Amino acid sequence: MARPRVQVRTASEIELIRASSLLVGRTLAAVAEHVAPGVTTLELDAVAEAFIRDHGAEPGFKGYNGFPNSLCTSVNHHVVHGIPNEVPLQSGDIVSIDCGVLMNGFYGDSAFTFEVGEVSPEVRRLLDVTRECLERAIDVAIAGNRIGDIGHACQSHAEAHGYGVVRELVGHGLGSALHEPPEVPNYGRPGNGVKIQAGMVLAIEPMINLGTKKIVQSEDGWTIATADGLPSAHFEHDVVVGEDDVEVLSTFEYIEEVLAAKAS
Ligand code: MG
Ligand code: MG
């Protein structure tokens, strides 16, 4: 079988990916309304699945390689790919909520790590820096740069704060498949790797650990956890590379509106 190639998307394909990415942002905002101590991740998953289907889309993760749910919910030392369960969230937890949708033949894929109740300053800092890693990575996802520039931007910022950058799991191309080439590692060397071209759609998703970069696979076959049991944060955006710039297709804006309303 021929190796799948890096896709350069047409303007109309980009609009379809944008619509899917925006629906993910709206779904995460619907979920954000419910994130609180005492709520289970299975309840959050039900909110997401209903919201996605009500908007004429399919959950992108449900059934993907056999994954059982619509959200990946990864609490505290769980990095990614956590399976929603009946354990109530507690104040002080963080939960990475990763969501994908499939609509009109194209995927959207975005993740946000939420604070549950009161989170320690140390953990809040981890969340802030991980978001900064995502922003810095996006800023260099421009035509003519290379994939290693994205990873370097992320890694250098995370490591400057003493955090561990997960190696085994990476961002990816996105479009008519949930995971397309190229791989987009969160570490790398400037000037290395695949050349970034206009029209490429990338899901950039730093996974940053408070302690060691080392991870372990849990017995459920899905959940990835930090080897030292310290917390991990995860934020993900879908972006399209332009001729002179990069545009973020997904959004945290709806999430931020919900969080601001809950805080007031
Ligand atoms: Mg994702
Ligand atoms: Mg992804």
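Begin by selecting E247, which in this predicted model is partly exposed, with a relative accessible area of 36%. Its side chain meets that of R18 in a salt bridge, with 2.6 Å from N to O. The two residues link distant parts of the chain: R18 belongs to helix α1 (residues 11-32) and E247 to strand β15 (residues 246-248), 229 residues apart. R18 has a relative accessible area of 19% and is therefore buried, the limit being under 20%.

**Further salt bridges**

Select R131 and E256 next. These residues form a salt bridge whose closest N and O atoms are 2.6 Å apart. R131 sits in helix α3 and E256 in helix α5 (residues 253-263), so this pair ties together parts that are 125 residues apart in sequence. R131 counts as partly exposed at 22% relative accessibility, and E256 is likewise partly exposed, at 32%. Then display E49, R53, E58 and K62, which are joined into one network by salt bridges that share partners.

Move on to R124 and E115. A salt bridge joins their side chains, at 3.3 Å from N to O. R124 is partly exposed, with a relative accessible area of 32%; E115 is also partly exposed, with a value of 33%. The count of salt bridges in the model comes to 10.

**The magnesium ions**

Select ligand 1 and ligand 2 together. Which residue coordinates both magnesium ions? D109 does, and the two ions are 3.1 Å apart.

Centre the view on the magnesium ion that is ligand 2. Its protein donors are D109 (OD), H172 (NE2), E205 (OE) and E236 (OE), lying 2.1 to 2.2 Å from the ion. Along the sequence, these donor residues follow the spacing D-x62-H-x32-E-x30-E. D109 lies in strand β5 (residues 106-115), and E205 in the loop between β9 (201-204) and β10 (207-209), so the pair ties together parts that are 96 residues apart in sequence. Colouring by accessibility shows D109 as buried, with a relative accessible area of 2%, and E205 as buried at 6%.

The coordinating atoms are D98 (OD), D98 (OD), D109 (OD) and E236 (OE), at 2.0 to 2.5 Å. The spacing of the donor residues in sequence is D-x10-D-x126-E. D98 is found in strand β4 (residues 94-103), and E236 in the loop between β13 (232-234) and β14 (237-241), so this pair ties together parts that are 138 residues apart in sequence. Both D98 and E236 are buried.

How values were computed. Residues are numbered from 1 along each chain as its sequence is written. Chains are lettered from A and ligands numbered from 1 in the order in which they are written. This is a predicted model: local features need pLDDT of at least 70, side-chain atom pairs count only at pLDDT 80 or more; totals for chains, interfaces and linings use all residues. Side-chain values use heavy atoms; hydrogens and water are left out. Donors are N, O and S atoms within 2.8 Å of the metal (3.2 Å for Na, K and Ca); water is not among the atoms, so sites may look incomplete. Helices (H or I, at least four residues) and strands (E, at least two) are DSSP runs, numbered from the N terminus. Buried means under 20% relative accessible area, exposed over 50%, partly exposed in between (1.4 Å probe, protein chains only). A salt bridge is a side-chain nitrogen of Lys or Arg within 4 Å of a carboxyl oxygen of Asp or Glu.
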